[in-house]
Amino acid sequence: MRRPDGGPANALVGFTNMLLRLWQDEGPRTVLVAWDTLEVPTYRHEALDAYQAGRVFEPELLEQLALLPGIVASAGFACGKEAGYEADDFLAAAATAEEADGGEALVATSDRDAFQLVTERVTVLQPVRGAPPARVDPAEVRARYGVDPAQVPDFIALRGDPSDRIPGARGIGEKRAAELLGQYGSLDAMLEEGRFATEADALRLYRRIATMDRDAPLPPLPDVVPDSAAAAAYATKLGVPAVAGRFEEALGWT
């Protein structure tokens, strides 16, 4: 898929389809889309040189990632993006704020680190190819990892996370990490008992890196209905008729 200027459009179309499908299926009161700022390192990158090392993004993907926030904003949806923060941090802050206000939050992400956000009022929607997203509640987190959602950062610190290049504790895999957390309750309790004495500082760092920042700065999140007409006009100016068409279809939903 190409725009009139020759630029790529496939990610723009795929993202819009996903966003509007979620909005139509779930009917949320508002929507926040969160983004990394790839040009600026976060404290995680500065604290651990190996963090996310080796990740390479195709230039055509980066070009479209730069255009997507404009499409989202044109529809009236909020965007969370700021230097020094990752997309996960804005998701954590928004879910925490919504729950504190007595509401419920759906966190649509393929990143399993978000399992730490799961409560009775916060559900992770995990994409599944060719099927509706899986709904991850506290019971599902325990079924998959053998730990409670609040223990997930400790679990990641112990087990490690190859996708983010977090090493974890030497010789500790997923099953053993869950067993230790079942026995001690927390990483801090293990360290107080003298476990992992030579790795204590590193494990605390890994946990800090794995913990989403619930204090990330949020934009206002009022109730919103997507402005499909404005978004369609914006997409037309970008030269992406498939995106404009999806928003035009959405005009009849409200």
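Arg142 is partly exposed, with a relative accessible area of 39%. Partly exposed lies between buried, under 20%, and exposed, over 50% (1.4 Å probe, protein chains only). This is a predicted model: local features need pLDDT of at least 70, side-chain atom pairs count only at pLDDT 80 or more, and totals for chains, interfaces and linings use all residues. Residues are numbered from 1 along each chain as its sequence is written, and side-chain values use heavy atoms, with hydrogens and water left out.

Stay with Arg142. It sits in helix H5, residues 138–145. Helices here are DSSP runs of H or I, at least four residues; strands are runs of E, at least two; both are numbered from the N terminus. What does Arg142 touch, not counting residues up to four places away in sequence? Val147, Asp148 and Pro149. Contact means heavy atoms within 4.5 Å. Ala73 is another matter: 69 residues from Arg142 in sequence, and 36 Å in space, C-alpha to C-alpha.

Next, Phe57. Find it in the loop between helix H2 (43–47) and helix H3 (59–74). Phe57 is partly exposed, and its relative accessible area is 36%.

Last stop: the second largest pocket. A pocket is an open set of points on a 1 Å grid over the protein atoms alone, where a 1.4 Å probe fits, with protein on both sides within 12 Å along at least five of seven lines; lining residues have an atom within 4 Å of a point. The lining includes Met18, Leu22, Leu125 and Pro132. Helix H1 (10–26), strand E4 (122–128) and strand E5 (131–136) each give two or more residues to that lining.
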